[in-house]
Amino acid sequence: MDLKYFTLSEFDSPDEPGSGSKMDKDFLEKLDYARGNASIAFKITSGYRTPHWNDNVAGGRIGSSHKKGLAADIACVNSRNRQIIIKALMDVGINRIGIGNTFIHADVDKSKDANVIWLYN
Ligand SMILES: [Zn+2]
């Protein structure tokens with residue numbers, strides 16, 4: 001895997017150094033390509049999560065795709081960057097997107113509905 005913009009450690013679960021290596025490779029390549037197209041920094045606020053981190057610390061859902069290495073959250077706090085990031089994600093085929101007040105969740109979990117955008121609130 002050859003990532004141009006990201007390093008795997010950006011995707012580590014905070015309680016397990018090195019666990020960013022558990023991220024799905026195809027997903028990371030898509031994210032990296034989207035980052036190039038977007039031409040703005042993608043700051044990863046959550047990538048891989050151990051079951052402990054997801055369920056007990058991050059407040060994630062039980063079936064979170066973060067535990068499978070199939071989801072990542074990208075920091076985003078303004079409407080212009082939100083448009084740029086979401087367009088870039090969709091252009092590379094990332095078709096499950098969640099929008100929070102301060103982040104965008106990108107997700108390619110094929111066991112869940114495709115082509116959806118949801119809100120966190
Ligand atoms: Zn997320």
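Modeller: Buried means under 20% relative accessible area, exposed means over 50%, and partly exposed lies in between (1.4 Å probe, protein chains only). The model is predicted: local features need pLDDT of at least 70, side-chain atom pairs count only at pLDDT 80 or more, and totals for chains, interfaces and linings use all residues. Residues are numbered from 1 along each chain as its sequence is written, and side-chain values use heavy atoms, without hydrogens and water.

Biologist: Why is Asp73 called buried?

Modeller: Its relative accessibility is 6%. That is under 20%, so Asp73 counts as buried. His66, at 2%, is buried by the same rule.

Biologist: What makes His66, Asp73 and His105 donors of the zinc ion?

Modeller: Donors are N, O and S atoms within 2.8 Å of the metal (3.2 Å for Na, K and Ca). His66 gives NE2, Asp73 gives OD and His105 gives ND1, at 2.0 Å. These atoms therefore qualify. Water is not among the atoms, so the site may look incomplete. The sequence spacing of the donor residues is H-x6-D-x31-H.

Biologist: Why is β2 described as largely enclosed?

Modeller: Four of its five residues are buried, so the rest of the structure largely encloses β2. The strand is a DSSP run (E, at least two residues; helices are H or I, at least four), numbered from the N terminus.

Biologist: How do you know that β2 and β4 pair?

Modeller: Pairing takes at least two bridges found by DSSP. Five bridges join β2 to β4, so they pair. They run antiparallel, with Ala72 opposite Ala106 in β4. Strand β1 (residues 44-46) is joined to β2 by two bridges, also antiparallel. Here Ile44 stands opposite Ile74.

Biologist: How do you know that the span of α3 agrees with its residue count?

Modeller: The expected span is 1.5 Å times one less than the number of residues. For the 13 residues of α3 (residues 79-91) that gives 18 Å. The end C-alpha atoms are 18 Å apart, so the two agree.

Biologist: Why is Asn78 called a cap of α3?

Modeller: A polar contact is a pair of N or O atoms within 3.5 Å; within protein, one must be able to donate a hydrogen and the other to accept it, and sequence neighbours count only if both atoms are side-chain atoms. A side-chain oxygen of Asn78 lies 3.1 Å from the backbone nitrogen of Arg80, so the distance qualifies, and Asn78 caps the N-terminal end. After the helix comes Gly93, with a positive phi near 90 degrees.

Biologist: Why does Arg96 count as buried?

Modeller: Arg96, in strand β3, has 8% relative accessibility, which is under 20%. Its side chain reaches the backbone oxygen of Asp113 at 2.6 Å. Beyond four places in sequence, its contacts (heavy atoms within 4.5 Å) include His105, Asp109 and Trp118.

Biologist: What makes Asp12 partly exposed?

Modeller: Its 21% falls between 20% and 50%, so Asp12 is partly exposed. Asp12 lies in the segment before α1. Its side chain reaches the backbone nitrogen of Gly18 at 3.0 Å. The backbone nitrogen of Gly20 lies 2.7 Å from a polar atom of that side chain.
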